[in-house]
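I opened the model to look up a few residues and their surroundings. My notes follow in the order I took them.

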Amino acid sequence: METISENRCFGGVQGVYRHPSKATGCDMTFGLFLPAEAALHPVPLLWYLSGLTCTHENAMTKAGLQAHAAAHGLAVVFPDTSPRGDGVADDPAYDLGQGAGFYVNATQAPWAPHFRMWDYIADDLPRVLFANFALEEDRQAITGHSMGGHGALTMAMGLQDRFASVSAFSPITNPTASDWGRKQFTAYLGPDESTWRAHDATLLLQTGGFDGEMLIDQGSADQFLDLLRPEALAHAMAATRQPGLLRMQKGYDHSYFFISTFAGDHVAFHAQALSR
Ligand SMILES: N[C@@H](CCC(=O)N[C@@H](CSC=O)C(=O)NCC(=O)O)C(=O)O
């Protein structure tokens, strides 16, 4: 693992690191905020999965999570959203290929060799994190935005018992019924829609849900509302009696101004779940 930068931040350190990944078959870059407490003992870890077009950097510099994480003594990891590099497949569209990994393991050409973001987030990056930093493996929580909100919800439900709590900002909630999902799942997973189910939060709620609480914030003025389908998740939460809260926030759009407005609520929500 290589250190790219380390900056003092709210009494702790905001770092950026690069490492070779077995899952994606290329070098991956991630950001990690460590609060002051991490110099003394291992601390709980909050995952933040980013959305389409993002690298590790967008949320790290724009979401304003570090001040809240420092106040609660939490670390925050900011992974990249896809494999990258000259030898890695790509597409001219912003919503497919590099920057648009959708947190799945691709099975189809030309994506299959590198686009294994599920394994990267579930196995590969955790190995690097827990081997190199003062982090508590048994105290983890997860959040994300848009495509990353989809990733957070599906990871939390797919890896039961790993995360104490899950939250999301304007998540893609029902990708099997949205153009933000059908296009990418066809490309990455192929035409057999039965393989898509494990990557749809609304469908996962109907087959087990999450053994903990969920917090979802969605702006009512989000320009991508029809693609995100919050009503599908709301119906599934009600139908399955999933503990949690889905809040429609009047007038907010899809941007990091929205995320930074509610970042404090989400960090406090996770800190409480992690303290139980
Ligand atoms: N470029 C696209 C829109 C891309 C966009 O809005 N990306 C969002 C995530 S959308 C869902 O996953 C984002 O977080 N962008 C990065 C940022 O720093 O804002 C278009 O032009 O429509």
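I looked up S146 and counted 25 C-beta neighbours inside 10 Å, so S146 is buried (20 or more other C-beta atoms within 10 Å; 12 or fewer is exposed, in between is partly exposed, with C-beta atoms placed from the backbone). This is a predicted model, where local features need pLDDT of at least 70, side-chain atom pairs count only at pLDDT 80 or more, and totals for chains, interfaces and linings use all residues. Residues are numbered from 1 along each chain as its sequence is written.

I placed S146 in the loop between β6 (135–144) and α4 (147–158); helices (H or I, at least four residues) and strands (E, at least two) are DSSP runs numbered from the N terminus. Leaving out residues up to four places away in sequence, I found S146 touching G51, L52, S170, P171, I172 and H254 (contact: C-beta atoms, placed from the backbone, within 7 Å).

I checked the record next: UniProt, in an unreviewed entry, puts "active site" at S146, D222 and H254. These span 109 residues in sequence, but no two of their C-alpha atoms are more than 10.8 Å apart, so they gather at one spot. Such positions use the numbering here, feature names are shortened, and annotations may be inferred rather than shown by experiment.

I turned to D222, which lies in the loop between β8 (214–219) and α7 (225–228). D222 has 21 C-beta neighbours inside 10 Å and therefore counts as buried. Apart from neighbours within four places in sequence, D222 contacts S170, L228, D253 and H254.

A201 is buried because 32 C-beta neighbours lie inside 10 Å. Its contacts beyond four places in sequence are H150, L153, T154, M157, P171, T173 and L233.

Buried residues make up 51% of the 276.

Last, I noted confidence: mean pLDDT (the predictor's confidence in each residue, from 0 to 100) is 98 for the protein chain, and the complex has an ipTM of 0.92 and a pTM of 0.98.

Terms used:
Contact = placed C-beta atoms within 7 Å.
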